Amino acid sequence: MSGRHTVIRSLHDVGLAAWFGGTLMGAVGLNGAARDEGGTAVEQARISSSGWAKWTPVNAAAIGIHLFGSGGLLMVNAHRVAGQQGVAASTAVKTLVTGAALAATAYARILGKKVELASSRDPQDLQKASEHPIDLDTARRHLACAQFAVPALTGCLVVLNALHGEQQRPADQVRGMLRRAGSAVSFRR
């Protein structure tokens, strides 16, 4: 049965909570406030970009902490992934969703940086933006979709985390390991 791994589990959960909550707040609160207070589309983009730029290092740390905790949990639960029916499948799904959330986060940051440069008042930023021109309206629409995809995907990770917690109940572990053993015996016949 599983032992206690409070530090690893806390890193996993706190990192995921910050990743999910911060991106949801940014997509709803920050972008909404920028729309309310910004005036022109360029001013809205400038306000929103400023907030997202300040969030980026915190978000990167949250993601790193979550991934470190995820790796640690995978290591300490490797025996359950291998021996308990259903755990390998939910772990594979969680890995795929994590990859999708990372890809959506990276895509949002790339688009966000392009919008930030294109809406900046700094001549150096505008020079950088002119080297890779974008349609600001199209980029902002794509960015909004990406920014909502991140909390949707990380929200799925929260649900999968709850499933993993349920799978760790002693009765579920015993039942899952007996099913896996029964499958192995019937497969050999």
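1. Surface patch. Leu24, Val28 and Phe148 form a nonpolar surface patch of about 250 Å². Patch members have over 30% relative accessible area and no salt bridge; nonpolar side chains (Val, Leu, Ile, Met, Phe, Trp, Tyr) are joined within 5 Å, like charges within 9 Å. A salt bridge means a side-chain nitrogen of Lys or Arg within 4 Å of a carboxyl oxygen of Asp or Glu. Areas are Shrake-Rupley values with a 1.4 Å probe, and for residues only the protein chains shown count as cover. Val28 belongs to helix 1. Val28 is partly exposed, at 48% relative accessible area. The classes are buried (under 20%), exposed (over 50%) and partly exposed in between (1.4 Å probe, protein chains only).

2. Basis. This is a predicted model: local features need pLDDT of at least 70, side-chain atom pairs count only at pLDDT 80 or more, and totals for chains, interfaces and linings use all residues. Residues are numbered from 1 along each chain as its sequence is written, and side-chain values use heavy atoms, with hydrogens and water left out.

3. Fold. The chain has seven helices and zero strands. Helices (H or I, at least four residues) and strands (E, at least two) are DSSP runs, numbered from the N terminus. Of the 189 residues, 34% count as buried. The chain exposes about 10700 Å², with carbon and sulfur atoms supplying 67% of it. Among contacts (heavy atoms within 4.5 Å) with a separation of 6 or more, 81% join residues 24 or more positions apart.

4. Main core. The largest nonpolar core has nine residues: Leu16, Trp19, Ile63, Val97, Ala101, Ala104, Val150, Leu157 and Leu160. Helix 1 (6-37), helix 4 (87-118) and helix 6 (136-167) each give two or more residues to this core. A core is a set of buried Ala, Val, Leu, Ile, Met, Phe, Trp, Tyr and Cys residues joined through side-chain atoms within 4.5 Å. Another core, of eight residues, lies apart from it and includes Ala108, Leu111, Leu136 and Ala146.

5. Leu157. Beyond four places in sequence, Leu157 contacts Leu16, Trp19, His66, Lys94, Val97 and Thr98.

6. His164. This helix 6 residue is buried, at 15% relative accessibility. Excluding residues up to four places away, His164 touches Arg80, Val87, Ser90, Thr91 and Lys94. The C-alpha atoms of His164 and Lys94 are 9.7 Å apart, across 70 residues of chain.

7. Cysteines. The disulfide count is zero, taking a disulfide as a pair of cysteine sulfur atoms within 2.5 Å. Cys145 is exposed, at 57% relative accessible area. Cys156 is partly exposed, at 39%.
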